[in-house]
Amino acid sequence: MKGSEIYGWRMFTETAGEVALWWELLGTGPTVFLVPGRGDSSDLFPARFTDRLIAGGCSVVRYDPRDTGLSGPGGGRCTLSDLTDDADAVIAATGAGPVHLVGWSLGGGVAMQFAIDHPARVAGIVLENPVAPYGFGGT
């Protein structure tokens with residue numbers, strides 16, 4: 001695992017396939033894993049939100065999906081499966097037990113797919129303005 005200590009927080013870079021992913025683990029306690037939407041970085045979740053989770057006794061994992069923030073390029077087009085595999089790589093790298101997933105927009109689709117693929121690794125799921133489970137125009 002590549003990593004460094006910066007301002008007391010742990011920040012690491014992991015590779016999922018050929019993509020370098022940036023993430024950080026903040027706090028201690030049950031893990032809340034924040035999944036931003038496509039094109040959004042971890043900055044989507046403001047400090048006032050993550051600080052309240054940490055103050056409430058949770059640990060928080062923030063990460064930048066491929067092609068955003070401090071993460072590397074993802075090679076152009078990618079699938080929901082690719083993004084789910086990326087989240088899986090970060091969760092595995094943290095060593096966290098079952099996580100509480102919070103997904104925004106396409107991040108909600110990633111959270112749903114992760115929960116389907118890895119139900120034993122999910123403690124809970126919160127979907128904020130998620131993608132439609134039936135695709136565009138689905139009901």
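Here are some questions and answers about a predicted model.

The model is predicted, so local features need pLDDT of at least 70, side-chain atom pairs count only at pLDDT 80 or more, and totals for chains, interfaces and linings use all residues. Residues are numbered from 1 along each chain as its sequence is written, and side-chain values use heavy atoms, with hydrogens and water left out.

Q: Where is S71 found?
A: Helices (H or I, at least four residues) and strands (E, at least two) are DSSP runs, numbered from the N terminus. S71 sits in the loop between β5 (59-64) and α2 (80-94).

Q: Is S71 buried or exposed?
A: Buried means under 20% relative accessible area, exposed over 50%, and partly exposed in between (1.4 Å probe, protein chains only). The relative accessible area of S71 is 9%, so S71 is buried.

Q: Which residue's backbone nitrogen does the side chain of S71 reach at 2.8 Å?
A: A polar contact is a pair of N or O atoms within 3.5 Å; within protein, one must be able to donate a hydrogen and the other to accept it, and residues adjacent in sequence count only if both atoms are side-chain atoms. A polar atom of the S71 side chain lies 2.4 Å from the backbone oxygen of D64. The backbone nitrogen reached at 2.8 Å belongs to W22.

Q: Which residues does I54 touch, leaving out those up to four places away in sequence?
A: I54 has its place in helix α1 (residues 47-55). Contact means heavy atoms within 4.5 Å. With residues up to four places away in sequence not counted, I54 touches L26, G27 and V60.

Q: How are α2 and α3 set relative to each other?
A: The axes of α2 and helix α3 (residues 106-117) come within 9 Å and cross at roughly 70 degrees. Axes are lines fitted to C-alpha atoms, for helices over the stretch in contact, and angles run from 0 to 180 degrees between N-to-C directions. Angles under 35 degrees count as roughly parallel, over 145 as roughly antiparallel, 65 to 115 as roughly perpendicular and the rest as oblique. So α2 and α3 are roughly perpendicular.

Q: Is C58 buried or exposed?
A: The relative accessibility of C58 is 17%. That value makes C58 count as buried.

Q: How many disulfides does the count come to?
A: A disulfide is a pair of cysteine sulfur atoms within 2.5 Å. By this rule, the count is 0 disulfides.
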